[in-house]
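Let us take a friendly walk through a protein model together. We will look at its pockets and then at one of its strands.

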Amino acid sequence: MSQIIDLRSDTITQPTKLMREAMMEAPLGDDVLGDDPTVHRLQERCAELFGKEAACFVPSGSMANQACIRALTSPGDEILAHENSHIYQYEAGGPAALSGCTFAFFRGERGFFTSEEVRQAIRPDDHHFPRSRLLVVENTNNRGGGSVWPLEQLADVTGTAHDLGLRCHLDGARIWNACEATGTSPDQWASHFDTVSACFSKGLGAPVGSIVVGDRKTINQIHRLRKMLGGAMRQSGFLAAAALHGIEHHRDRLADDHRRARRLAEALADCPDTNVDLDSIDTNIVYFDTGDRDAHRMQSAFDSMGVKLLALGPFRMRAVLSMAVDDEGLDHAIPVLLDGLGGGV
Ligand SMILES: *Cc1c(COP(=O)(O)O)cnc(C)c1O
C-alpha cells in the first residue's frame, strides 16, 4: 500500500494551493527594517483578534513562549506551570537557559489546576525563596490530550495569580482549536493574560510561524528579544501571508479534525486491547494506551504499514488529526490500527 496516513502531529501539514498562491502574491518588504506590509497586516489582524494593543510575528511557538517568559520575569524568579507543559517539557530547557527561572509545578489531570493550587504554590515574600512571578497556562493542553480549559476555571486561576501580583502567559499554540471546539473567540481567552502565543503551523496549515500578542510596551520588548534570539526575518511577508490565509480560511475546518479525532477514538475504544478515555477527546488529539504492547515497537510496525503515529511513553501512543488526513485516510488507517493493536503485528 503506497498511501501514507500521517497522524504524528498537526505540524506536518503542507500549504494548500490557495495558501501558496497567497504567499506568492504577498507584497514584501524588509521586516527587520520595519517595512514588510504583509507582516504588518498579520500583526494588526492578530492584535484585533486577540483584543490586544500589539503583536509580533516570530518563527516558532517555542520562540514566542521563551521571549514572553524572558519579557515577564527576571533571573531567579519562579514560573508556575503544569509539569507536562510544553514550555517545560519540549523547549530545550529555555526557561533556565534564557531567563534563569525555576519552576513550581501543578500535577492535575489533563493539564488543569485550580485557583486554590495557585494560591498554595505562590511563595511568601521572604528572602529565602525564589519570587513567584509568572503563571503559564496551556490551552489547548498538548500532553493533556488536546484538552480545552473551562473558561471560568481559567479566569479563576489567572484572576487569583494577578491578584497576588503574578503575570500570566497563555501558551495558546492551539488556541484556534479551543475556539472552534467551544464557539469562543480568541479575545475571550486572551483578556485573562498579559501575553499570548499562538501557532499558525499546526491546524491552520501554514508552513512556519507564531504570533505573540500583548500590550504595546511588552510587544516592543518582544521585538528586541526576537532580534536577540536570531528570529528577526527579512522578507517574512511570504510567511505572514500563509498565516493570514490560515486565519481567514482554515479556522472553521478545525471542526473536521475534531470530528475525525472523535471517530478514531471511538474506533479505538471498541478494541479490547487498548484504552482510550472518550471523555477526554475535546479537540484533535487522541492519546491511547497499548495494553502490554511496547509502544515504540508498535510505532515501527505501523510505520511499515503506512500509518505514522508517535509513541509518547512505553505503552502510550498519540494520533493527531489535521488537514493531512481526510475521511478516506481515516477509513484506511483505522483497520490497520485495530488489527495491529489486536495482536496482528
Ligand atoms: C507546538 C507547540 C508549541 C510550539 O512549538 P514550535 O514547534 O516551537 O512551533 C508550543 N506550545 C505547545 C503547547 C505546542 O503544542
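Helix H10 gives the largest share of the lining of the second largest pocket, six residues. This is a predicted model, in which local features need pLDDT of at least 70, side-chain atom pairs count only at pLDDT 80 or more, and totals for chains, interfaces and linings use all residues. Residues are numbered from 1 along each chain as its sequence is written, and side-chain values use heavy atoms, with hydrogens and water left out.

A pocket here is an open set of points on a 1 Å grid over the protein atoms alone, where a 1.4 Å probe fits and protein lies on both sides within 12 Å along at least five of seven lines; lining residues have an atom within 4 Å of a point. A volume is the space filled by probe spheres set on the points, which are joined across faces, edges and corners.

| Pocket | Volume | Lining |
|---|---|---|
| Largest | About 400 Å³ | 21 residues |

Helix H2 (37–50), strand S2 (54–58) and helix H10 (216–228) each supply at least two lining residues. Helices (H or I, at least four residues) and strands (E, at least two) are DSSP runs, numbered from the N terminus. By class, this lining has six nonpolar, five polar and six charged residues. Ala, Val, Leu, Ile, Met, Phe, Trp, Tyr, Cys and Pro count as nonpolar, Asp, Glu, Lys and Arg as charged, and the others, Gly among them, as polar.

Where does the largest pocket lie? Domain 1 (17–249) and domain 2 (253–344) both give residues to its lining, so the largest pocket lies between them. The domain bounds come from an automatic or database domain assignment. Arg143, Gly144, Gly145, Tyr287 and Arg316 lie nearest the centre of the largest pocket, and strand S9 (residues 285–289) gives the largest share of its lining, four residues.

Now for the strand. Strand S6 (residues 167–171) is largely enclosed by the rest of the structure, because four of its five residues are buried (under 20% relative accessible area, with a 1.4 Å probe and protein chains only). Strand S5 (residues 132–138) pairs with S6 in the parallel sense over five bridges; two strands pair if DSSP finds at least two bridges between them. Valine 137 has leucine 170 of S6 as its bridge partner. S6 and strand S7 (residues 195–199) run parallel, joined by three bridges.

Terms used
Buried < 20%, exposed > 50% of the residue type's maximum accessible area, 1.4 Å probe, protein only.
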